[in-house]
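Keep the model open as you read.

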Amino acid sequence: MNAGAGLAAALFAGALLCVCCSSGSDAAREAVPPLKAEIAQVRGDSAEQWIGKRVVVEGFYYGETIPMILDDINRAYIDVLMPKESYLPILGPVPDHLKTGDRVAVTGMIDRPGPADSLDLASEKIVIRISDGRDIHILEGVME
Amino acid sequence: MRKLAVICTLGALGALLALVVVSQVPTKRMQRKSVKLTKVSRIAQLRGTQARNLIGKEVQVQGYYYDGSIPMILDDIKLVEMDKIIPESRYVPIAGPKPRGLKSGDRVSLTVKLEKPAGGDPVYLRKESSVLRFTSSTPVKKLQATRLRLPAVQRHVIKVIGRVRVIPRYHAVLIAGGWDAANNHVRYWNDLKTMYAILRNKGYAASNIHVLYAGGTARDASMPVHYAATSANINTVFNQLKTRVKANDTLYIMLNDHGSSNALCLWNHTTMSNTGFAAQVNKITNHDKMIIQMKQCYSGGFTQPLTRTRRSVMASCSPSQVSWAHSSLQFGEFTYWYFAALTGTKPDGSGSVNADANHNGKVSITEAYNFARAHDTRPETPHFEDNGASPWHSGAMPSGGDGVRSSSIYLP
């Protein structure tokens, strides 16, 4: 009986610890504001120094190929290859309501795609990794 | 006596036990069968999240058999007569051997297992949420024979050469490289699959259409992809065609996606030069008509190397211009209007058009080009060449000797 009560107490304490840690990390995340960055900075020659940093990047959402933000939505309308400094692929759960052309701010971690990520990203060196849909904020919706 | 009573009792118990077991077996089998078979009233129930509880189960479904792109069951056969994208909820692909004795348009009732695509299935099935898993013994009941028109190929004029009757054949090569996932706009897939559907409706046999797209994987079930769009695979296809295309045959070539100055972008950050591509096309010497339609940036730079007699060559822009998407981003601008001209319907279903300028009931290649050029609103200058001699011409055809020959060329 005593052993059972001890086990229950331990489980309760563990759960409490998890909740505290979780809310603590959320709080920490909110307490440290993300660095503001340009697409060209995080995808350019100095991309390596951005890896692991939490940033907010603004651009135009483009979801017709892989989810990404573009520095200029007009790039999507011409059949010219997009320079690597002009777009930033998004890794993570993109909200369904986003439309191509929406001007957005994306908050996430600059990272390299890993072996567990989509093969579509195999040729990309830098992505922004988001944890949920709330990391993408629409600044200006595309006109229908 | 007591011993006999014990034996009798044991025997009776054994018989009773056997009776119970025997009576249980068929009941269980019957229960298993009745529980596993699910009658489905709408194909949508077999697709996406709705299908979650039916995966792995036997289902009974009715619909129309269609084998114009990949084998599938549709809820409405009219869907394949339009060049619109078939919604996932309206069709379910068939995996495994094709059902025998069925024609596209036959209304059927099937009892078959619903599964997710497996590793051994063709690549074009891998993005499907579910497939009907056929085996050679899958029961298929034909409810109504097809009402579709006979394929156009059976209406083709049969040429009589000497005493030998020759049926012209129609071949096609559709290419969109895409470069990489980020640059592979969905419009390149949509352009290719729309052209594929048009060619199929015009009577091109599926086995005579070669599709080279991106990394070799189809985006959906509307069109099979035979090869990745690489230089090696383009070489393979034209090597096959140089023996398959005969003197009375027509070859249709479509180039799509990105282009750089004097080069076509292919998959995985590779290109093929205009002269390199012309060398591939020049392997086909024994043909009747050849129609080459190019969409990519700077596609005008391909015209001069491709200029030869019996060829109709059109480009959506000049050698120094970029090419553009339609405002919807779902098609190329030039191709959107070109498809509309050939089918009489805008590719997004937003209305009908009439490109038959001479009112002869058919839209020629020249008429389709003229219609697309006139409706193209982007800063690109389409141009045309079909008299086998440079220079090419822009503006309405005929012009400067170009556009005359193609005014009597149809698809077919």
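Start at Ala341(B). Setting aside neighbours within four places in sequence, this residue is in contact with Val353(B), Ala355(B), Val363(B), Glu367(B), Ala368(B), Phe371(B) and Ala372(B). This is a predicted model, and every contact here is computed from it.

Now step back to the core around that residue. The largest nonpolar core has 103 residues. Ala341(B) is among those with the most contacts inside it, together with Ile69(A), Leu174(B), Leu192(B) and Ala368(B). Helix α6(B) gives the largest share of this core, eight residues. In soluble globular proteins, nonpolar side chains tend to be buried together.

Next, look at the partners of α6(B). Take α7(B) to begin with. The axes of α6(B) and α7(B) come within 8 Å and cross at roughly 135°. Angles over 145 degrees would count as roughly antiparallel. The two helices, α6(B) and α7(B), are therefore oblique to each other. Their crossing is right-handed. On the α6(B) side, the contact involves Phe334(B), Trp337(B), Tyr338(B), Ala341(B) and Leu342(B). On the α7(B) side, Glu367(B), Ala368(B), Phe371(B), Ala372(B) and His375(B) meet them. The residues of this contact divide into eight nonpolar, one polar and one charged.

Which residues of α7(B) are buried? Ile365(B), Thr366(B), Glu367(B), Ala368(B), Tyr369(B), Asn370(B), Phe371(B), Ala372(B) and Arg373(B) are. That is nine of the eleven residues in the helix, which spans 365-375 and is mostly covered. What covers the buried residues includes α6 (333-343) of chain B. The cover also includes three strands of chain B: β16 (289-294), β17 (311-315) and β18 (383-385).

Then turn to the other partner, α2(B), residues 186-201. Helices α2(B) and α6(B) pack at an angle of about 15°, with their axes 11 Å apart. Angles under 35 degrees count as roughly parallel. So α2(B) and α6(B) are roughly parallel to each other. The crossing of α2(B) and α6(B) is left-handed. Asp191(B), Thr194(B) and Ile198(B) come from α2(B). They meet Thr335(B), Phe339(B), Leu342(B) and Thr343(B) of α6(B). In this contact, three residues are nonpolar, three are polar and one is charged. Leu342(B) takes part in the contact of α6(B) with α2(B) and in the contact of α6(B) with α7(B).

Now follow the backbone. Most residues other than glycine have a negative phi, and most peptide bonds are trans. Chain B has exceptions to look up. His359(B) is not a glycine, yet its phi is positive, about 55°. This residue lies in the loop between α6 and α7 of chain B. Is His359(B) buried or exposed? His359(B) counts as exposed, because it has 7 C-beta neighbours inside 10 Å and 12 or fewer is the cut-off.

Asn262(B) also has a positive phi, near 60°. Find it in the loop between β13 (259-260) and β14 (263-265) of chain B. Asn262(B) has 17 other C-beta atoms within 10 Å, so it is partly exposed.

Two cis peptide bonds come next. One joins Met397(B) and Pro398(B), with omega about 0°. The other runs from Leu411(B) to Pro412(B), with omega near -10°. Pro398(B) lies in the segment after β19 (393-394) of chain B. Pro412(B) lies in the segment after β19 of chain B too.

Finish with chain A. Its secondary structure comes to two helices and seven strands. Along the sequence the pattern reads α-β-α-β-β-β-β-β-β. Chain A has 144 residues, and buried residues make up 24% of them. Consider the contacts in chain A with a separation of 6 or more: residues 24 or more positions apart account for 59% of these.

How many residues of chain A are in contact with chain B? The count is 18, and they touch 19 residues of chain B.

Note on methods: Residues numbered from 1 in each chain as written. Chains lettered and ligands numbered in written order. Predicted model: local features only at pLDDT ≥ 70, side-chain atom pairs only at ≥ 80, totals over all residues. Buried ≥ 20, exposed ≤ 12 C-beta atoms within 10 Å, placed from the backbone. Helix = DSSP H or I, 4+ residues; strand = E, 2+ residues; numbered from the N terminus. Contact = placed C-beta atoms within 7 Å. Core = buried A, V, L, I, M, F, W, Y, C linked by C-beta atoms within 7 Å. Axes fitted to C-alpha atoms, helices over the stretch in contact; angles between N-to-C directions. Parallel < 35°, antiparallel > 145°, perpendicular 65-115°, else oblique. Left-handed = near helix turned anticlockwise from the far one by under 90°. Nonpolar A, V, L, I, M, F, W, Y, C, P; charged D, E, K, R; others polar.
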